[in-house]
Amino acid sequence: MGKGRKCCVPGCNSNSNNTDNYVSSFTFPKDATRKNQWVKSINRANFIPSSTAVVCIKHFSSQFIIQEDRIVRDDGSELVVPRKIWKLTNDAYPSIFPNQPSYLSHEPSTSRKSSSERITALKLRDEQNFAEWCTNDTVNSFEIFQETYAKKLGDGWLNIRTDNFVLCYRLDINQCPSIVVSMKIYKDLTVEIWHDSVLLKTKSYHFILGEHNKCDRWTKFDSLLSWLAAFKPNDVKPNEKIENAIHLIKDAYSQQDDSDKTLFFSVIIGQLKLTLSSKHIYSTEFLLLAAKFYFCYPAAYSFIRSSKILILPHPVYIKKLSNALKGPSSISNNNHIMYLQKKNEMLSPHEKLICLLIDEIYVNPGLNYKGGKLLGKAENANQQAKTIQAFMITSLFSKYKEIVALVPMKNQTADDLYCQTLKVLQMLNDCKYNVLCLISDNNRINRNMFTQMCQGNLVNCISNPVQPENKLFFLFDTVHLIKSVRNNWSNEKTLGQVLCFPSPDNSSKISLAKLQDLKDIYETEKSNLIKNAPKLSQKVLYPTSFEKQNVLLALNIFHESNSAALAHEAGEKGKDTMGTKEFIAQFLKWWNIVNVKNSEKGKRLKNPFCDPIRSKDQMSMVFLNKFYDWLVSWNNKSALPLEKRKKLGLPGNGGKLTKETQFALQFTTKSLIDIVNHIFKEHTPEYILLEIFEATSETSVEFEVDEELYEVFDTTTDVEISPEEMPAFIYISWYVSKKVSQKLNCDLSTSKFITTKGLEYEIDTACKYVSLLDRGGLKWPTKYTLEILVESYQIFNKLIRKEFEEK
């Protein structure tokens with residue numbers, strides 16, 4: 001920009017006089033195109049501008065004049081600096097000529113900014129507007145809030161203003177006036193909201209106020225008013241009421257000086273919290289309290305938990321926690337020993353008389369590093385364990401059970417088991433337990449270990465190695481024994497799979513138990529819907545190696561319905577099945593005696609052999625002594641004369657149980673007799689449950705039948721019931737009558753299905769079968785029951801017909 005030089009535009013006198021009133025002027029651009037544009041614009045004929053020629057500022061539009069510089073800082077703000085010497089934009093040209101014809105002058109069109117410049121300008125404008133809005137929206141102090149809040153309240157809102165807070169509320173005036181919702185804003189702008197007198201949790205309106213829970217903007221206040229206006233009377237959720245109750249209890253608890261009520265209040269608060277979520281999370285204090293309760297009074301714990309008076313953790317969960325606290329159940333684990341000692345202190349003296357159960361569990365070999373220890377290594381070898389030797393205890397006079405040791409082993413021998421058993425016995429003695437007996441499966445290693453305990457000669461009882469003043473008895477698991485008897489019978493290779501045994505009533509008479517008799521009944525009845533021996537099946541009579549380990553299948557061989565069916569076959573068809581019946585009945589009685597789990601079983605089943613042992617002279621004990629004598633007689637007698645053995649296809653010594661099974665059965669029966677006599681002599685209990693002397697957790701099926709029937713079948717004409725099916729049909733009918741009556745609480749309704757008249761057997765084919773199953777509790781059903789059952793039988797028969805299925 002030149003100063004003091006005369007403007008070259010025709011008719012312009014700027015800077016022509018020698019005065020101080022100079023105006024800015026600008027030299028012609030060096031660019032030829034723009035220079036020609038300037039020359040053309042000033043309308044001067046034959047003008048060739050020299051290097052000193054200028055055009056004054058009066059001829060340029062203001063949009064071409066740069067009066068200040070603008071710089072954008074890193075934070076987005078703009079720095080504006082006024083220029084001392086103005087300059088022109090790069091596209092400037094003269095367009096204003098006041099001393100020339102007007103058509104030569106024009107206002108240049110506004111130049112369009114680039115997209116980036118426009119975006120920058122818009123952002124700057126928005127930011128300025130937002131900053132201004134934020135300033136206006138911010139509530140800087142409680143005093144400012146007090147001055148303005150009332151203007152923002154809509155219809156239906158009332159308010160109270162104090163020096164410490166502002167209260168806004170809505171009333172329900174349809175009935176008795178009451179506050180529906182209220183909002184209190186304190187001096188620090190924090191907010192509390194009540195709905196129907198229930199204090200809402202702050203997190204329920206965090207979506208409006210944020211985590212700081214402050215009404216520091218007017219928009220937040222407006223949003224709160226809109227949200228609360230939708231609240232209705234008596235519309236508080238149950239969970240919110242419970243949360244409010246927790247808040248009130250905590251407030252009351254904090255004001256209590258009585259420290260004795262600390263646990264009480266914490267339990268109440270904890271129970272209320274548990275009702276709020278489907279997934280129960282218990283506090284540490286409550287879990288400890290629940291564990292003490294469960295271990296001291298398990299029956300009461302189960303009752304209170306099932307009644308839902310309190311929300312208590314599941315017993316399995318408590319056991320898992322206690323197992324985790326105990327750590328690995330190894331014999332040398334000090335923490336585990338301390339746990340057993342503490343547990344022993346909680347038991348009453350009679351509960352400390354225990355059985356030690358020994359069992360071997362097969363596992364997949366593998367090592368695992370956990371808690372700074374390498375797990376999975378065998379105790380008897382520097383290799384991975386293949387089995388876990390489990391030692392468990394169970395109290396004779398309570399339901400107390402405990403795993404006391406789990407020892408990893410590799411190819412365990414009798415010597416290994418002997419050493420581990422002695423360590424366990426010593427540990428239990430140190431923990432003040434009194435071990436009465438050892439129980440294990442009848443396998444070679446266990447038998448040899450027992451023999452080592454007895455100094456090389458296996459006997460039923462010795463002095464306890466770690467408690468010489470006490471006796472220690474040995475038993476083989478009765479569940480394992482009943483499976484072994486079935487497997488011996490099933491593995492017989494003789495014709496008809498025959499076992500020869502002395503008759504229980506006459507030891508000089510040899511009886512035959514033929515498994516083929518049961519197979520014949522099964523083959524006859526397998527296609528029938530109604531069966532005399534319903535427990536017989538393919539798996540029961542032809543078990544695989546794996547199925548032979550299933551005790552339920554074994555017990556189905558020795559079921560009372562099989563005994564009745566065999567007697568029925570003998571009486572009606574003249575078959576020689578009484579020997580098989582005697583054999584099954586003999587072992588069924590033995591099993592009923594040794595498998596009594598509760599004191600009411602015999603009364604419920606009306607079976608005296610299912611009663612607990614209450615005295616040494618009881619019928620069950622008399623039978624056990626006879627059963628032992630019978631086993632001795634069987635073991636001592638030659639099974640059959642050679643000629644008869646050849647006739648039956650028996651080998652020289654066949655038709656008997658294996659030597660191991662025979663010995664274990666005889667040995668265990670004698671041990672049970674001796675244990676019962678010892679217990680009654682030393683401890684005088686009310687009764688003894690022999691099921692406690694089982695080493696496995698498998699349970700038998702209680703075939704409970706208190707129902708039979710005898711009625712004519714003239715009421716139906718569409719269904720035919722054969723004479724062979726008649727006994728079993730009567731049996732099922734009684735069973736249905738009894739089960740239906742058990743579900744009814746109304747005596748009048750019950751009388752529709754079953755009568756109060758007891759059974760009186762006459763000379764009738766059907767009732768002979770029923771009489772074999774009756775133990776004195778059977779009642780007559782009504783004709784109405786029979787009609788329902790026969791109709792159901794008829795419908796089912798039609799459904800399974802081939803012609804019906806083809807339709």
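This report looks at salt bridges in a predicted model.

Some ground rules come before the pairs. The model is predicted, so local features need pLDDT of at least 70, and side-chain atom pairs count only at pLDDT 80 or more, while totals for chains, interfaces and linings use all residues. Residues are numbered from 1 along each chain as its sequence is written, and side-chain values use heavy atoms, leaving out hydrogens and water.

A salt bridge here is a side-chain nitrogen of Lys or Arg within 4 Å of a carboxyl oxygen of Asp or Glu. The structure has 10 of them, including these:

| Pair | Closest N to O |
|---|---|
| K220 and D216 | 2.9 Å |
| K343 and E402 | 3.4 Å |

Let's take K343 and E402, which pair up in a salt bridge. This pair ties together distant parts of the chain, 59 residues apart: K343 sits in helix α11 (residues 334-345), and E402 sits in strand β15 (residues 401-409). Helices (H or I, at least four residues) and strands (E, at least two) are DSSP runs, numbered from the N terminus.

How hidden are these residues? Buried means under 20% relative accessible area, exposed means over 50%, and partly exposed is in between (1.4 Å probe, protein chains only). Both K343 and E402 are buried.
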